[in-house]
Amino acid sequence: MKFIVSSSTLLKQLQQISGVLNSSNPLPILDNFLFIVEKGNLTISASDLESTMTTEVTLIEGKQSGKIAIPAKILLETLKTFSEHPLTFLIDDKTKGIEIVSDNGKYKLTGFDGDEFPKVPALDGAKSIEVPASLLQKAIAKTLFATGNDELRPVMSGVFSQFSKDSLTFVATDAHKLVRYRRTDHRAKQEGAFILPKKPLNLLKGILGTGDEPVSIAYNDSNAFFTFGNFSLICRLIDGRYPNYEAVIPVDNPNKLTIDRIQFLQSVRRVSIFSNKTTHQVRLKIQGSALQISAEDLDFANEANERLSCQYTGEDMEIGFNARFLVEMLSNLDSEEVMMELSAPNRAGLLIPSGTESSGEDLLMLVMPVMLNN
């Protein structure tokens, strides 16, 4: 088999899918890219058994068809050293020997039989939906940081995606914080829900643009299949029942605080430097139109206080939060102002962007309080 391909085009596509590869694999074949040549087109796949990512490259020349598994690390390292350059791949179908020929020289390595590469599972009885790339990109960016890492609760380590005839909803929680990103300007013809693992979400985040190109999503009980441009990604879903997230979102929150998001974020960041290194606790004391943010670390006699002006309706109150969670949430909001809805010092607080959301977009973040040691 012989084909000619542009070195920079090949490198760009390989780098996009190389995120699937693990540093240590259960099967040696997974250390390779699978190359399949058909009708002048090259299809390349990378897999870790859980997720398989595929991309297509148009060849300069490729008359013969065939498949070969090529060691990923050495191929990537070699391609990075070339400027834009046509490369000829000569493959011995019997020995699986690979010779890469450039203007300057020849490079030989040994590949593996392409048939050993894991097969992509068939999606039987799949439901499907199309969403704009920008919507999926934003949904992942807004929720991924709130996923958990607890191996005993695997369902919380992914993003729950729920499609209905009214809206598309994406939820992530680690039991300390929760994010719900909902779009009412897009709907599904069929109702469905699944839990997507972190790794494929990170891979999708890397390749999705911010444009309106459609992403086709097909899914059944065990796998989800994403097709976007010349990329496709199939991944195994997290099995299990997602917790009833609506039940933990407090509905009646009479105390409402509106404040400049950047000021609030910078203030919490600064004050939290002086907080206890185990609890990261910051105290918010709201009186009238003043918000006092304070933290202390009694072990080292460190303390910090800041005062910000805000708009507030409700009773004066004092509540404690883990500063790291507040910082993460405020950093993942885009609005100029943020509204904080509170009911009591021992009940969850809500963070909602104030005023700048596009129509049809509904973002809600929830953070659990910490007990104040008065």
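Predicted model: local features only at pLDDT ≥ 70, side-chain atom pairs only at ≥ 80, totals over all residues.
**Entry 1. Nine-stranded sheet**

I traced the strand order of the open sheet of nine strands and wrote down β14-β11-β12-β13-β26-β25-β24-β18-β22, with antiparallel pairing. Which strands stand at the edges? They are β14 (192-196) and β22 (311-313); each has a single partner strand, so one side of each is left without a neighbour in the sheet. For the twist I noted an average of 15° from one strand to the next.

I then looked up the pairing of β13 with β26. Strand β13 covers residues 177-183 and strand β26 covers residues 361-367, and seven bridges join them in the antiparallel sense. R182 has D362 in β26 as its bridge partner.

Next I checked which helices lie on this sheet. Helix α5 (residues 261-272) lies across β18 (255-260) and β24 (337-342), and runs at about 90° to β18. Helix α6 also packs here, where it touches β13, β24, β25 (349-354) and β26. The direction of α6 makes about 170° with that of β26.

**Entry 2. Five-stranded sheet**

The open sheet of five strands reads β21-β20-β19-β23-β27, again with antiparallel pairing. Its edge strands are β21 (302-309) and β27 (369-370), each of which pairs on one side only.

How many bridges join β19 to β23? I found six, between residues 281-287 of β19 and residues 317-322 of β23, and the two strands run antiparallel. K285 stands opposite E318 in β23. Helix α6 (residues 323-331) packs on this sheet as well, touching β19 and β23, and its direction makes about 85° with that of β23.

**Entry 3. S161**

S161 is found in strand β11 (residues 159-163). Is S161 buried or exposed? The relative accessible area is 2%, under the 20% cut-off, so S161 counts as buried. I listed the contacts of S161, leaving aside neighbours within four places in sequence: T169, F170, G192, A193, F194 and L196.

**Entry 4. Cysteines**

I searched for disulfides and the structure holds zero. C235 is buried, with a relative accessible area of 0%. C310 also counts as buried, at 10% relative accessibility.

**Entry 5. Aromatic pairs**

The structure holds ten aromatic pairs, and I took notes on two of them. F160 and Y242 form a stacked pair, with 4.7 Å centre to centre and 5° between the planes. F160 is in strand β11 and Y242 is in the loop between β17 (231-236) and β18, so I logged a link between distant parts of the chain, 82 residues apart. Both F160 and Y242 are buried.

What is the geometry of the pair F194 and Y219? The ring centres are 4.8 Å apart and the planes stand at 55°, so this pair is tilted. F194 lies in strand β14 and Y219 in strand β15 (residues 214-219), so the pair ties together parts that are 25 residues apart in sequence. F194 and Y219 are both buried.

Last, I noted one aromatic cluster formed by F163, F170, F194 and Y219.

Note on methods
Residues numbered from 1 in each chain as written. Heavy atoms only, no water. Pairing = 2+ DSSP bridges. Helix = DSSP H or I, 4+ residues; strand = E, 2+ residues; numbered from the N terminus. Contact = heavy atoms within 4.5 Å. Axes fitted to C-alpha atoms, helices over the stretch in contact; angles between N-to-C directions. Buried < 20%, exposed > 50% of the residue type's maximum accessible area, 1.4 Å probe, protein only. Disulfide = S-S within 2.5 Å. Phe/Tyr/Trp six-rings, centres within 6.5 Å; stacked < 30°, edge-to-face > 60°.
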